[in-house]
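Here is a short briefing for a first look at this structure. Keep the sequence and the 3D view open while you read.

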Amino acid sequence: MAPKTNGIGIQVEDMRICVVMVGLPARGKSYIAQKAQRYLKWLSIPAKTFNVGNYRRNDAPQPSADFFDTNNAEGERKRRAAAEAAVADMLQWFKNGGVVGILDATNSTKERRKWVIDILEKKAIDVIFVESKCDDEDLIMANIRDVKTTSPDYKGQDPEEAAQDFRNRIRNYEKVYKSINADGDEDDLTYLKIMNVGKQVIINRIRDYLQSRIVYYLMNLHIRPRSVWLSRHGESMLNLEGRIGGDAGLSTRGEEYARKLPELVLESVGSDRPLTVWTSTLKRTIATARHLPKHYNQLQWKALDELDAGVCDGMTYQEIADMYPEDFQARDEDKYNYRYRGGESYRDVVIRLEPIIMELERSEDILIISHQAVIRCIYAYFMQKTQEESPWVPVPLHTLMKLTPRAYGTEVQTYKANIKAVSTWRGKGSTAKHEDPSPEGGV
Amino acid sequence: MDTLLTAEIAANAPRYRRKSSTFIDGIHDVSEDPSNMAPAQLYSTMSGRLFHSGRIAIVMVGLPARGKTHICVSMARYLQWLGVKTRIFHLGDYRRATVGEGGQVPQDYFYPNASPASVMLRQKILKKCREDIYGWLNHENGQVAIYDAVNPTASGRRSLAKEFAKHDVQTLFIESFVDDEEILKENARNVKISSPDVGFHGMDPDEAANRYLQRIQTKIPVFETMQEEELNYIKMINAGQAFFYNNVSFNYLSHRIVFYLTNLHIKSRTTFFVRAGTATEEDSYKADAPLSEAGKAYAVKMTETLIKHREQERQAVIDGGGRDLPLRPLSVWTSTRLRTIQTGEPLKEQGYKVRQRSQMSQINPGVCEKLSERAIRSLYSEEVEKHELDPYHHRYPRAESYHDLAVRLEPIILELEREQNDLLIIAHESVLRVLYAYLMHCSTRDIPKLKFPRDEIIEIIPAAYQNEAKRIHIPGLDPNMIPGSPEDIRIPVQSPVSGPLSPLVGPSSPEPGEIILSVRPPEKVINTAKEMVADKVADED
């Protein structure tokens, strides 16, 4: 269990972690797994969820509750086979460079947990168990109605019957369920146990910074309904000239957008409940937020400033292509990692945005007014866009986006201000000028 | 008599201590300037309180030798860094002030069935300490008061929480619970019995540790670990091996504290700071130039000096009768800037693990790049004026302020706390200033002026009550590359009134004509003021 050292230093880069979910069905395990995966991938840490239920479904697409009875030998065998298949795939994935694998299953017995550890530790993979424990019957039934009755297991069935069947399925698990270290003989495991949606938490034997980061992130999650609104600043004077970066004021049309924004926000929020507004420290975002209602709290964050284009700041794409032709091409080949000379890459932007994401997770309704690259990165977090996709996502000017997190993903609504603006989007490998994004482009 | 007593308590209370200089860890000092913002403070509010968290009392729980002081001090360091106005109130300071120098509390002072006289004394001391806590929270815009005492009984803790609630103060208990014999003995050995005051001098260390632990048992016979369901508490078990977190009312700040505590450990290790070597294009930030020939020579000499120093330190421990332990492993962190990576090359070639951290890139000079001070003054005269008013928070157009830098360095700070190996940080002077300021608790007014001459390796050694700094001379360097910061951004900084500020005392660079080949012995600068150190090690709260 000791950190792997080579006598000179801890080999942080070689760390591989398996997050093993533990808990009865309908305790929000998949929600937690999905959030953790999204967060880690966004930080460029290769992460993947292996959902044992999906493997089992191949074998038993629509089982009834007795399938999950521990006395049902056939069911037991099939469920065991599903777990084995999921773990085998995960090991293969680790071999190909995976760093954090998430095993999403009930893992509700000591034997099953021991089985998982034995396999993973042989491969020098650290295991952290994340248990969600909940005794609140109302919360459980709410979760069942909300999520489980729409599960593929119950496709085409009456929701109320499905909910009852699911409740019975849980009872079969309850018969054998053993919370982590309930008997005091699992104390050497690394685990996070969240009880009754965070009322009590146990953290045991965290062994590295990445694990502590995952734990901190999971503790900041909340399940109160909320939305995040994203907008770029209004069209700027430099946008008109096709220049990137800089710190210019708004154009006439940009001003028009700033005046229209309060109306757009009100339409989207649907009431006059106040939002908290976060802008960058650059003139164009502050000016865009200027006309929002006085009772909205406004904060400026340096971390929300536009990607720093270094020597290319204030240039047009044509000028960049002329002066730094190799750089221009290199950026197209790997836009996410390309760091402008003396400036930043998208990867750098994501790292500096991390505290913002943590704040966002714990906050409620927030409106962010920022810049193209920064909005792309935040959008990528919520929509789980890959590094290949995220730097190319079109985020048009004069458009408000509303993101609402749901159990299995994020819902997006867009509100166009219908105020003309130049396009600031350029396709991969295209000529050095801004163009209109193709309609299937995204946002 | 009462007036006299109060004055005496006041004189000894931590709240009256003032910051003396940047080379002493300022964690226990009180800022004189209420408008002074903390290094990584994200925003300020009218009330001075952050994170919508209101006023909080963090109440420590635990017997002596459980590392409470270390936890208090580290937590205060982190919270103050974030801008949360935090102050520690050690009940022991008040007790000592009351019983006077050399005085003893009655034998039954901690007993549940103490005599009326002892109970009265106890309550007098408690009252004074709490009055100071309320004074801090209500009249000095304090947000977090850390109350460092044993707080051994559930009933005592319940009434404490009730009392704080009456004053509209939220209570968060942090218990340090240790049942691992090894950790207990280690704590007793390290912190307590090394002090001559305690009366174990010259005794076999294991025997002394046992005697000390027994003494605690006799003095404080009743201790109930926390189980109060209705209270907010964090129980830190066996120095961070496990945490139990009872969350009655959701609060961001307490999550943040748990996150910090999960990265804290109590093993002793040192941190070294060095500058990067000089580069071929010193003036340009954007060029990200490689090391010059002189820069490469510097990297080699720095590496030799560091390795030799570590070996000597180890030998000194063995010669002093210490155990012959192998050298702690050394990790090296650089930024992603070429000159820092290349400065780490000689260490990498010798097999040391070198990690690049993009957050550790130097401060961005924005429009000031390549401009002379005169040019900046004429081109941006208004900005210069603003800058001189607040060099820490002001940012030139397109530039980063020191505050921006501190915010971006926060993950590095947590990893720094977690790191168990000795650690060498190779970075630009601006980054060293901010990291040094965290470990030595410098004020934001001093941070932009801290100097890190190239001919010195700074070593920071952690201790429970405060950190210590040491500087190690790198001999044989070209005098041109030592002083100032040729690669620094030419942002005009008002020169401090009292001469250049080095984080450490003594000449920071050789005088002209001085023979630079001479080897200066490592210099250790610690604060030996009696009331600050000697008193603490015998502390039994």
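In this predicted model, a polar atom of the A:Arg352 side chain lies 2.7 Å from the backbone oxygen of A:Ala303. A:Arg352 belongs to helix α13 of chain A. Its relative accessibility is 16%, so A:Arg352 counts as buried.

**Around A:Arg352**

- Leaving aside residues up to four places away in sequence, A:Arg352 touches a run of neighbours from A:Lys302 to A:Asp308, namely A:Lys302, A:Ala303, A:Leu304, A:Asp305, A:Glu306, A:Leu307 and A:Asp308.
- A:Glu344 and A:Val374 are also among the residues that A:Arg352 touches.
- The helix that holds A:Arg352 is α13 of chain A, and α13 (346-362) supplies at least two residues to the side of chain A that touches chain B.

**Where chains A and B meet**

- How many residues does each chain bring to the contact? Chain A brings 44 and chain B brings 41.
- The size of an interface is often given as the accessible area lost when the parts come together.
- Between chain A and chain B, the buried area is about 3,900 Å². Carbon and sulfur atoms give 56% of that area.
- The count of salt bridges between chain A and chain B is zero.
- Seven residue pairs are in polar contact between chain A and chain B, with both residues at pLDDT 80 or more.
- Three elements of chain A each supply at least two residues to the side that touches chain B: β6 (200-204), α7 (209-220) and α13 (346-362).
- Which element gives the most to that side of chain A? It is α7(A), with six residues.
- By class, the side of chain A that touches chain B holds 16 nonpolar, twelve polar and 16 charged residues.

**A strand pairing across the chains**

- β6(A) is joined to strand β6 (residues 242-246) of chain B by five bridges.
- Do these two strands run parallel or antiparallel? They run antiparallel.
- One place to look is A:Val201, whose bridge partner in β6(B) is B:Tyr245.

**Strand β1 of chain A**

- Strand β1(A) is largely enclosed by the rest of the structure, because six of its six residues are buried.
- Both faces of β1(A) are covered. On one side, A:Ile17, A:Val19 and A:Met21 are buried. On the other, A:Cys18, A:Val20 and A:Val22 are buried.
- Strand β1 (residues 17-22) pairs with β4(A) in the parallel sense, over six bridges.
- Strand β3 (residues 100-104) of chain A also runs parallel to β1(A), joined by four bridges.
- A:Val20 has A:Phe129 as its bridge partner in β4(A).

**Strand β4 of chain A**

- Strand β4 (residues 126-133) of chain A is mostly covered, with seven of its eight residues buried.
- β4(A) is joined to β5(A) by six bridges, and the two run parallel.
- At A:Ser132, the bridge partner in β5(A) is A:Ile194.

**Two asparagines with positive phi**

- A:Asn181 is not a glycine, yet its phi is positive, about 60°. A:Asn181 sits in the loop between α6 (159-176) and β5 (190-195) of chain A.
- A:Asn418 is not a glycine either, and its phi is positive at about 55°. A:Asn418 is in the segment after β12 (409-416) of chain A.
- Is each asparagine buried or exposed? A:Asn181 is buried, with a relative accessible area of 17%. A:Asn418 is exposed, with a relative accessible area of 71%.

**Chain B**

- Chain B has 17 helices and 13 strands.
- Of its 541 residues, 58% count as buried.
- Among contacts in chain B with a separation of 6 or more, 73% come from residues 24 or more positions apart.
- Helix α3 (residues 91-99) of chain B is mostly covered, with eight of its nine residues buried.
- Which residues of α3(B) are buried? They are B:Leu91, B:Gly92, B:Asp93, B:Tyr94, B:Arg95, B:Arg96, B:Ala97 and B:Thr98.
- After α3(B) comes B:Gly100, with a positive phi near 80°.

How values were computed: Residues are numbered from 1 along each chain as its sequence is written. Chains are lettered from A and ligands numbered from 1 in the order in which they are written. This is a predicted model: local features need pLDDT of at least 70, side-chain atom pairs count only at pLDDT 80 or more; totals for chains, interfaces and linings use all residues. Side-chain values use heavy atoms; hydrogens and water are left out. Buried means under 20% relative accessible area, exposed over 50%, partly exposed in between (1.4 Å probe, protein chains only). Contact means heavy atoms within 4.5 Å. Buried area is the accessible area (1.4 Å probe) that two parts lose on being put together, summed over both. A salt bridge is a side-chain nitrogen of Lys or Arg within 4 Å of a carboxyl oxygen of Asp or Glu. A polar contact is a pair of N or O atoms within 3.5 Å; within protein, one must be able to donate a hydrogen and the other to accept it, and residues adjacent in sequence count only if both atoms are side-chain atoms. Ala, Val, Leu, Ile, Met, Phe, Trp, Tyr, Cys and Pro count as nonpolar, Asp, Glu, Lys and Arg as charged, and the others, Gly among them, as polar. Two strands pair if DSSP finds at least two bridges between them.
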